[in-house]
Structure formats: structure tokens, C-alpha cells
Amino acid sequence: MAKTLVQEFTKGLWDEIPPFRLVLGICPALAVSKAVEDGLGMGIALTFVLVCSNMLISAIRKIIPSQVRIACFIVVVATFVIVVELVMQAYTYALFLKLGIFIPLIVVNCIVLGRAEAFAYKQGVIRSCADGLGLGIGFTISLVALAGLREVFGSGTFLGIPVFGPSFQPFSFLVLAPGAFVCLGLMLSIMNLAKK
Amino acid sequence: MGDYMLFIVSCIFVNNILLAQYLGNCPFLGTSKKMETALGMAMAVVFVMVMTSAVTWIVQIYVLEKFGLVYLRTIAFILLIASVVQFVEMFLKKNIPALYAGLGIFLPLITTNCAVLGVCIINVDGKFTFVKSLVSAFAYSGGYGLALILFAGVRERILLARVPKPLQDTSIGLVTAGLMALGFFAFKGMV
């Protein structure tokens, strides 16, 4: 049963939204969801890499020998990650410093490699583009949702603007490492609940 | 010497790679359902992380920095890690079959373990010396193994408990990891 192009795109927004339905790429979801701005930046960077690598891999899929395909995928992904790294360093330096090590780590992000293997290696260029765009935007939405929750209650701000007034006592557990795990776990359970 | 002791403690407990720096979570959740797989993964990570740190450090200093190619770091490191993993796999298969049987299936997975690439980048970014890089790789991977094995122990118990349906599997795993991270958080004041 072939899906239409629109379905390939929208499945990333709900049916297979990472990291909730497709439990991949948990590390960046935990690490850069401290503030909405970081989450948004990471989401956009990942979407760019995902779309570009999906399209390129799909375009050259006929000439990649299947024995060395993983190595080829990694080279393609790493190339686009370097592009993102250099662009961010040049234009959004503050964000580049905040995301730090997690930008080069997009290379080993399971979502990107997983899509290359499971989708782009088998499908056409346009479909792979739709798939990458959908999953990338889905991941951005999840990151912003998680980051919004943590930022609003953990530090009482949204995109750096205070939302609760001066008497609000921030629940700082949420912005620390343990809060990230618990928050993601609880959001996952809410998603499971919504599935039924 | 005292400096190194403090550094090791901080890598294992205070800045635990898994629970404080959020690296390597996919294999952490994937291989922690059984104690056996957790042990295998922990050992494989220690082994590979120390080797790749040594190799990437040498390449960074003597190739990338020397020829002004630092912008190629990401691609160089990931290819090095992939080839080291492949090499280790072949070497073990041929010479130490007993160890290969234990680590075998975990080795290919390690290429995409972000903790390995993460530690290599931390070492290079921190401008560590060669010896300090090795110590840091050893301590970080030790911390990773410790957290993984402790977590597998907890998770085996969870299998016996009645967990509400929406919370099952990964969800309860993440909440448990959060509580463990809270435990590790208590070391924060030490260093």
C-alpha cells in the first residue's frame, strides 16, 4: 500500500513523531530542552541535516554497494553536519556555544541514520525529502514542547521572557539533568495514553 | 597525582556521561533490560572508548591541526571510530574468540553510540594531554558502565512490578533513569 506524498510528510508529525513514537534521538532531546530557544535551534539544525542527507542518499542509492552502505551514510551525514556547524558558528554564535557538543553529535543521531537505512535507501528523492521534512519538523515540535514545559516551570520564563511575575518560585528540578529524564518519561506516557 | 584522582572522580560521578551529560542514551535504554547485555555493552564501551580516544587524539594533533583541517574534525572522527570498531571486531574474532563471543553483537552498535564520539570531542575541546585523554576516556566509560549496570539491576526488578499501562517500557525506564540521575546529582558538591 503506497502512501501519498502528503502522508509521508504528515506521518512524522503525529504517527511516528520522534522521539515519542519513534524512540530514537533521545540524547539531544534530553540535553537541549533546557530552554525553548535551544530546542528550536537544535530542531532546525536536525531538520536541515535530515532533509539533505535523505535526499542525497536517495539520489545515489543505486550506486552505493549494500556492504558498505552504513559507512557511506555516515560520510554523507557528517558532511551536512559540518555545513550546519560552520553556518551556526558564523551566524548564531551564542546558540552555537550553548548547543556545543550536540551539533557534531547529530552525526550519530539515531534518527538520521535510521531514516537513511529504513527509508531513503529504498525510496525516491521527493518521497525521502517529504519524509525527512516531516520527521524533522515533528522532532522540532517535540523538542519545543518539552523545552517549553521545562523552561516555563523550571525557570519561569518562555523564550527568556518572564511569564509568572516576580513572586514565582522556579521549580529548578526541571532544568537539571534528573528533571529532563523524568519529564521526557512522563511525556512519553501521556503520548501512550493518547494513542488509545 | 591528586589532580588526577579528583579528575577521575569527577568524570565517573559528578559529570557522569550518561546521567549528567546525557550522552549515549539510546543504547542505555536498549541494552539495559537484561543484566547480561548490560555487562557486555559496558565492557565494550570501556574497550572502544579508550582506543578511539587515543587514535582521535593523535589524528587531531598530528594531522588535523598540523595541516589546518580542523573543520573536518567531525567527519574524520566518526570515520576513525567506525574503522577502529571494525578493526577491534576483526581482531577479537580471530585472536580472542571468548571475548568476541561476549562483546560481539555490541561492537557494531558502538559506532553510533554518541558517548564515544562525545568523549573524543570533549578530550580535544578541553585541550587535554595524551595521558589525560586516556584517563578521561577510562573514567568516563567506567562511569557509563557503572550507570548502565546499576540501571539494568533496577530494570530487572521493574519487570516484576505492576506498572500502569501507559508508563510501561521506555517511559518507566526514563523516569527511573531520572531518579538515578538525582542520586548521582548528590555527588555535585564533592568536586
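Reader: Which residues are linked in a network of salt bridges?

Author: A salt bridge pairs a side-chain nitrogen of Lys or Arg with a carboxyl oxygen of Asp or Glu, within 4 Å. In this predicted model, Glu37(A), Asp38(A) and Lys98(A) are linked in such a network. Take one pair from it. Glu37(A) bridges to Lys98(A), with the closest N and O atoms 3.5 Å apart. The two sit in distant parts of the chain, 61 residues apart. Glu37(A) belongs to helix α3 (residues 36-59) of chain A, and Lys98(A) to helix α5 of chain A.

Reader: Is Glu37(A) buried, partly exposed or exposed?

Author: Read the relative accessible area. Buried means under 20%, and exposed means over 50%. Glu37(A) has 44%, so Glu37(A) counts as partly exposed.

Reader: What does the salt bridge of Asp131(A) and Arg115(A) tie together?

Author: Check the distance, then the elements. The side chains of Asp131(A) and Arg115(A) meet at 3.0 Å, N to O. Asp131(A) lies in helix α7 (residues 125-154) of chain A and Arg115(A) in helix α6 of chain A, so the bridge ties together parts 16 residues apart in sequence. Now check burial. Asp131(A) is buried, at 1% relative accessibility. Arg115(A) is buried too, at 9%.

Reader: And in chain B, how far apart are the closest N and O atoms of Asp125(B) and Arg73(B)?

Author: They are 3.0 Å apart, and the pair forms a salt bridge. Asp125(B) is in helix α7 (residues 114-125) of chain B and Arg73(B) in helix α4 of chain B, so parts 52 residues apart in sequence are tied together. Asp125(B) is partly exposed, with a relative accessible area of 49%. Arg73(B) counts as buried, at 11%.

Reader: How many salt bridges are there over all chains, and how many cross the interface of chain A and chain B?

Author: Over all chains the structure holds six. Across the interface of chain A and chain B, the rule finds zero.

Reader: How should I read that interface, then? Which atoms give the area buried between chain A and chain B?

Author: Start with the contacts. 37 residues of chain A are in contact with 35 residues of chain B. Then take the area. About 3,000 Å² is buried between the two chains, and carbon and sulfur atoms give 83% of that. Cys27(A), Val108(A) and Phe181(A) supply 21% of the area that chain A buries against chain B, more than any other three residues.

Reader: What is the volume of the second largest pocket?

Author: About 430 Å³. Its lining has 24 residues, with Ala31(A), Lys34(A), Phe102(A), Ala20(B) and Tyr22(B) nearest the centre. Helices α5 (93-99) and α8 (177-195) of chain A, and α9 (170-185) of chain B, each give two or more residues to this lining. The classes here are 18 nonpolar, two polar and four charged.

Reader: One last residue. Is Thr56(B) buried or exposed?

Author: Apply the under-20% cut-off again. Thr56(B) has a relative accessible area of 1%, so Thr56(B) is buried. Thr56(B) sits in helix α3 (residues 35-64) of chain B. Leaving out residues up to four places away in sequence, Thr56(B) touches Phe77(B), Leu80(B) and Cys120(B).

Note on methods:
Residues numbered from 1 in each chain as written. Chains lettered and ligands numbered in written order. Predicted model: local features only at pLDDT ≥ 70, side-chain atom pairs only at ≥ 80, totals over all residues. Heavy atoms only, no water. 1 Å grid on protein atoms, 1.4 Å probe; cavity = no way out; pocket = protein on both sides within 12 Å on 5 of 7 lines; lining within 4 Å. Points joined across faces, edges and corners; volume = space filled by probe spheres on them. Helix = DSSP H or I, 4+ residues; strand = E, 2+ residues; numbered from the N terminus. Nonpolar A, V, L, I, M, F, W, Y, C, P; charged D, E, K, R; others polar. Buried < 20%, exposed > 50% of the residue type's maximum accessible area, 1.4 Å probe, protein only. Contact = heavy atoms within 4.5 Å. Buried area = accessible area lost by both parts, 1.4 Å probe.
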